[in-house]
Amino acid sequence: MAHLAHYRQAHPITFVITHWVNLICMVMLVLTGFIIHYPFIPGVMGAARGVHICCAFVILLNLIYRIVAAFFVKSAPTGGTREVEKDIKSFLPQKDNRHQLGAWIKYYLFLKKDHPLGAKYGVPQKLTYDAIPLLLLCIAFTGFCLWVPTSNAPLFVGFTDLVGGIMNVRIIHYFLMWVFIIFIMLHAYLASIEGLAPLRMMFRWKEHKGLVYSPESHTIVGEDKGEEDNKEKS
Amino acid sequence: MVETQANVARLDELLERKGVTRRRFLEFCGAIAVSLGLSEALIPTVHEAIAESVIGKETGALTPVIWLELASCTGCTESFAQVDTPDVATVVLELISLNYSETLSAGAGFSLEEAKEQTIEAGGYLVVIEGALMEGWDGNALRIANEKGTEIVKHACANAKAVICAGSCAVDGGWQAGYPNPGGAIGIQSFLTREQAAGSFTYKGGDGNLPPIINVPTCPANPEHMVAVIVDVLLVGKLPDLNSQNKPSLIFSQYIHDNCPRRGHFENGEFVYQFGSEEEKKGYCLYAMGCKGPQTKNNCPIVRWNRRVSWCVEAGAPCIGCAVSDPATTKNNWVDLNAPFLKRFRNLNIGDIRLQPATLAAAVGGIAAVLLVAHAFGMKATGRTKGGADFERQRKWDMQHPDRAIASAPAVTGGASEEDNGTPAATAAENEESKADSKEGGTQ
């Protein structure tokens, strides 16, 4: 039993909602994307394209909101604490994580027995989350190269010519989708392999007791396991 | 004055002599107007322009044309010979003076080569190039009249008014540039660009620019497009609107898919999955059969082929994207980019391996899934699935660098019951410290 406590401060409700939006949009985009690539379900091509484009805009707006909110909404920078600071700090280098990349990789490769200390996001996790917005922009860009209403804009024509035509843009768009599929697999796996508490937090905003971590001393300072504690603090 | 050049008489005499009625001539003007993307209201203008600027002159020179046939199947010439309105005789005899064409010229051999030479010397001519230029074996892959094709092209283009690349081969090498391209097929635009950069080609009076190049891809070049472009150059005296690849933008700005007569079936999700099926009989969309209409820009569904009788998709075959071309390189020729024709994706060429992108992606995804499952067994075996492993007491780096460590090992490790989360007031105070801390941390 070595979890840090999961408090709502780590994932404010607004980010629980953006996470839901991301999940729904990504699943719909991947599903409709496969249908558009090859219509293995007949009869739904028009709907699939409509949903695909709609979800693309929703996820882009959601991304913009998520990035802007990171600068205004406060969240806990580490697990096991209710202290908050600007959410964007969790996506930048943090003291708690410094020099820990090697430790995390070793831990996941079973070369290290004990769990690395870190901030809310482990180092590989943080790098991945930083890459996701960029990947989203890339896949959206290639999508706009393919979508007829935007495909003739000079910016998109330039990229299409650069990579040698629409066929190659389609393949890039398709491969990027697989990057997201593999990300979703990895993300769901790592979030749930050490217990379902993180899922309960992210989907149902349910707290979970556990070790207490101090962002000041950058180490574990105790354990929160009482009902009465919970009432007192929230 | 070039001896071989045709002269013109008055319009009426000319039409009469050719047995063309006035009504037929107006139809021709209408076809031109439509091909140029003009409204039908402008037919009289086109009529006037032709009468004034080309035919109406009492006497005078017609624009000479040199039609070079490089490595080609003569399909573009054949296709051109099938053009309906104006028929090929009209174009050849009334609008232009075709001074050199291997297939259509009556003359042959030395005299024809001399006619070409005289035309080039006089200047002011159009060059139409059909077929790919071959650079293999030091340019000897293509020799005409005992001369290398590379030299012929440079010579003919150096003094031309404009160069029209007819068909995908002349645009970017076409299917002849398909992997592995042993003959060294190349499109005219990238050849001239490279030769000019290397200093071995200069366009006379071009101030360092290439001659105007109009790329008219498709395999073969659609005769209606060819007539429209030639007439555009002759009538308006300037190039048609060209896109970033020097293709006439009126013709090559919309996808075949956009104007396809089977588009309704696409939107309804009604597809042909197999030839010989009920769906095929019903004329459903050929998307699932690998139709390249959604990524090929051309106006085939509107202009159609063979005197506007039909075209590929209307005849029941998926589009194979023969108009896809990229004058900047031979790598994106339509065969390499679209084969296999009945699949939704092209093949990826990795060395000598050919495979479908979907196969590659699914294989990588499958490997990732297998690795995760294997990893999960590892996690289970090491007892980490119930809350993970116990936390380390101190970061290893901190242990090795005590002077620069961010945290020392706590006196009490995880599992102890000591509460240190603080009251709200204490938390706020600590928060301030933590901010200061992290600022310092950020500068390191």
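Guide: Two residues are in contact if their C-beta atoms, placed from the backbone, lie within 7 Å. In chain A, take the contacts between residues at least 6 apart in sequence: 58% of them join residues at least 24 apart. This is a predicted model, in which local features need pLDDT of at least 70, side-chain atom pairs count only at pLDDT 80 or more, and totals for chains, interfaces and linings use all residues. Residues are numbered from 1 along each chain as its sequence is written, and chains are lettered from A and ligands numbered from 1 in the order in which they are written.

Chain A contains nine helices and four strands; helices (H or I, at least four residues) and strands (E, at least two) are DSSP runs, numbered from the N terminus. In sequence order the pattern of chain A reads α-α-β-β-α-α-α-α-α-α-β-β-α. The C-alpha trace of chain A spans about 60 × 35 × 35 Å along its principal axes. Of its 234 residues, 32% count as buried. A residue is buried if 20 or more other C-beta atoms lie within 10 Å of its own, exposed if 12 or fewer, and partly exposed in between.

One residue of chain A shows how these terms work. His208(A) sits in the loop between α8 (197-204) and β3 (210-214) of chain A. It has 18 other C-beta atoms within 10 Å, so His208(A) is partly exposed. Leaving out residues up to four places away in sequence, His208(A) touches Ala5(A), His6(A), Ala197(A), Arg200(A) and Met201(A). Lys120(A) is 88 residues from His208(A) in sequence, and the two are 15 Å apart in space, C-alpha to C-alpha.

Next comes the contact between the chains. It takes 66 residues from chain B and 60 residues from chain A. On the side of chain B that touches chain A, the elements giving two or more residues are α11 (263-268), α14 (334-338), α15 (357-381), α16 (396-400) and α17 (424-443) of chain B. The largest share of that side, ten residues, comes from α15(B). By class, the side of chain B that touches chain A has 23 nonpolar, 23 polar and 20 charged residues. Here Ala, Val, Leu, Ile, Met, Phe, Trp, Tyr, Cys and Pro count as nonpolar, Asp, Glu, Lys and Arg as charged, and the others, Gly among them, as polar.

Chain B also has a contact between its own parts. It is divided into domain 1 (11-236) and domain 2 (256-358), with bounds that come from an automatic or database domain assignment. The contact takes 23 residues from domain 1 of chain B and 20 residues from domain 2 of chain B. On the domain 1 side, the elements that give two or more residues are α8 (168-172), β8 (185-186) and α9 (188-197) of chain B. Of these, α8(B) gives the most, with three residues. The residues on the domain 1 side divide into eight nonpolar, twelve polar and three charged.

The interior can be described by its nonpolar cores, which are sets of buried Ala, Val, Leu, Ile, Met, Phe, Trp, Tyr and Cys residues joined through C-beta atoms within 7 Å. The largest nonpolar core has 55 residues, and those with the most contacts inside it are Val127(B), Ile129(B), Ala132(B), Ile164(B), Cys165(B), Ala166(B) and Ile188(B). Helix α10 (residues 223-236) of chain B supplies the largest share of this core, seven residues. A second, separate core of 38 residues includes Val272(B), Cys300(B), Cys319(B) and Phe345(B).

A few backbone details of chain B remain. The peptide bond from Tyr179(B) to Pro180(B) is cis, with omega near 0 degrees, and Pro180(B) is in the loop between α8 and β8 of chain B. Another cis peptide bond joins Ala339(B) and Pro340(B), with omega about 0 degrees. Pro340(B) is found in the loop between α14 and β10 (348-350) of chain B.

Ala145(B) is not a glycine, yet its phi is positive, near 50 degrees. Ala145(B) lies in the loop between β5 (143-144) and β6 (147-148) of chain B, and it counts as exposed because it has 11 C-beta neighbours inside 10 Å. Arg304(B) also has a positive phi, near 60 degrees. Its place is in the loop between α13 (300-303) and α14 of chain B. Arg304(B) counts as partly exposed because it has 16 C-beta neighbours inside 10 Å.
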